[in-house]
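Dear colleague,

Please find the structure below, handed over to you together with some notes on what was found in it.

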Amino acid sequence: MHLLKINQLPKRTISDEFINLWVGSLAVGMVLVGKYWYSQADADALLFLLKPVSQLVHLISNQPYTFLPDEGFYFPNGNILINADCSGFNWLLLAYLIGIFAGLRFLKKPFYKIPLFPALLLISYILSLLVNSTRILFSIILMETFDQHSTWLHLAEGTFIYLSSLILWYLAC
């Protein structure tokens with residue numbers, strides 16, 4: 001009978017694939033919870049996005065605005081309402097997932113993967129404020145240039161800015 005000594009036992013390590021699966025699943029789970037929460041949220045619940053975006057838009061465009069409870073931030077000069085649909089929350093979630101999966105691909109040590117959650121949440125939040133403010137400011141410029149509120153044009157420029165910024169974010173990761 002052959003007995004193994006304790007120091008001869010193979011070391012048990014957690015595989016990189018298991019860590020990536022665990023961290024990736026946790027991130028997807030967080031995003032799904034976020035999507036559910038967002039489906040129930042109103043403008044008041046999304047103030048953490050709407051207020052800084054409205055302040056940035058005001059700072060750059062110098063247009064006055066007021067907060068309408070349960071509705072959002074209203075800019076009377078352009079008849080613009082920045083509401084829950086304009087919060088950029090979906091962009092924030094997508095940017096977060098892109099960052100997480102890019103980080104999992106490049107970071108090799110499990111110790112470095114866990115801090116990805118708070119770091120990328122903060123980075124995604126800041127980027128979502130900048131991208132969403134840019135989108136809204138661009139909408140204001142288009143409305144002033146063409147002197148009309150075109151739903152098609154508004155959706156097209158929003159899609160272009162959001163998609164372009166997500167591609168740039170992916171390439172930067």
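Which residues in helix 5 meet which residues in helix 6? Before the reply, please keep in mind that this is a predicted model, in which local features need pLDDT of at least 70 and side-chain atom pairs count only at pLDDT 80 or more, while totals for chains, interfaces and linings use all residues. Residues are numbered from 1 along each chain as its sequence is written, and side-chain values use heavy atoms, with hydrogens and water left out.

On the helix 5 side, the residues in contact (heavy atoms within 4.5 Å) include Leu120, Ile123, Leu127, Val131 and Phe138, and those they meet in helix 6 include Leu153, His154, Ile161, Tyr162 and Trp169. Helices here are DSSP runs of H or I with at least four residues, and strands are runs of E with at least two, numbered from the N terminus. Helix 5 and helix 6 (residues 151-172) pack at an angle of about 150°, with their axes 10 Å apart; the axes are lines fitted to C-alpha atoms over the stretch in contact, and angles run from 0 to 180 degrees between N-to-C directions.

Asp70 lies in the loop between strand 1 (66-68) and strand 2 (72-75), whereas Asn79 lies in the loop between strand 2 and strand 3 (80-82). Asp70 counts as exposed, at 53% relative accessibility, and Asn79 is partly exposed, at 49%, where exposed means over 50% relative accessible area, buried under 20%, and partly exposed in between (1.4 Å probe, protein chains only).

With kind regards
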